[in-house]
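User: I have a chain open and want to go through it with you. Can we take it piece by piece?

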Amino acid sequence: MAKIVGAVTIDGARCKGCDLCVVACPTDVLRLQPQEVNDRGYHFAYTANPEACIGCASCATVCPDGCIEVYRMKIENA
């Protein structure tokens, strides 16, 4: 049986660090960068636990700036 996994890409330069994606993620994949800031001065979101992503796209749905893209991949069992 195939397994579905997700992958998240975040445009850190556009992210304003609103934390909505972090709260919306059911599997604790995303976090805000604690020390680094982008060119706009915001602590941006990043994938802290990418292997836990299930591809639900909750993070992308709540992002007000459209900084997040979610991909779903099918992994075939050998």
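User: Let's begin with Cys21. Buried or exposed?

Analyst: Cys21 counts as buried, because its relative accessibility is 7% and the cut-off for buried is under 20%. Keep in mind that this is a predicted model.

User: And how far is the sulfur of Cys21 from the closest cysteine sulfur?

Analyst: The distance is 6.0 Å, and the partner is Cys15. That is too far for a bond, because a disulfide needs the two sulfur atoms within 2.5 Å.

User: What about Cys53, which cysteine has the closest sulfur there?

Analyst: For Cys53 it is Cys59, with the sulfur atoms 6.6 Å apart, so again too far for a bond. Cys53 counts as buried at 9% relative accessibility.

User: How many disulfides in the whole structure, then?

Analyst: Zero, from a search of the whole structure.

User: Ok, zooming out. What is the secondary structure of the chain?

Analyst: The protein chain has two helices and four strands. Read from the N terminus, the order is β-α-β-β-α-β.

User: What box do the C-alpha atoms fill?

Analyst: Roughly 45 × 20 × 20 Å, taken along the principal axes.

User: How much of the chain is buried?

Analyst: Buried residues are 26% of the 78 residues. The chain exposes about 5000 Å², and 52% of that comes from carbon and sulfur atoms.

User: What share of the contacts comes from residues 24 or more positions apart?

Analyst: Counting contacts with a separation of 6 or more, 62% are between residues 24 or more positions apart.

User: What does Ala2 touch, leaving aside neighbours within four places?

Analyst: Ala2 is in contact with Lys74, Ile75 and Glu76. Ala2 is classed as partly exposed, because its relative accessible area is 29%.

User: Where is Asp65?

Analyst: Asp65 is in the loop between α2 (58-62) and β4 (68-75). With a relative accessible area of 27%, Asp65 is partly exposed.

User: Which residues does Asp65 touch?

Analyst: Not counting residues up to four places away in sequence, Asp65 touches Arg14 and Lys16.

User: While we're on charged residues, how many positive and negative charges are there in the chain?

Analyst: There are 7 positive and 9 negative charges, and their mean positions are 6 Å apart.

User: Last one, Asn38. Where is it?

Analyst: Asn38 lies in the loop between β2 (30-32) and β3 (45-47).

User: Why does Asn38 count as buried?

Analyst: Because its relative accessibility is 10%, and anything under 20% is put in that class.

User: What does the side chain of Asn38 reach?

Analyst: It reaches the backbone nitrogen of Arg40, at 3.1 Å.

User: And what is Asn38 in contact with, leaving aside its neighbours within four places in sequence?

Analyst: Asn38 is in contact with Gly12, Ala13, Cys15 and Phe44.

Methods
Residues numbered from 1 in each chain as written. Predicted model: local features only at pLDDT ≥ 70, side-chain atom pairs only at ≥ 80, totals over all residues. Heavy atoms only, no water. Buried < 20%, exposed > 50% of the residue type's maximum accessible area, 1.4 Å probe, protein only. Polar contact = N/O pair within 3.5 Å; in protein donor to acceptor, adjacent residues only side chain to side chain. Contact = heavy atoms within 4.5 Å. Areas by Shrake-Rupley, 256 points an atom, 1.4 Å probe, with all protein chains shown as cover. Lys, Arg positive; Asp, Glu negative; His and termini not counted. Charge placed at Lys NZ, Arg CZ, Asp CG, Glu CD.
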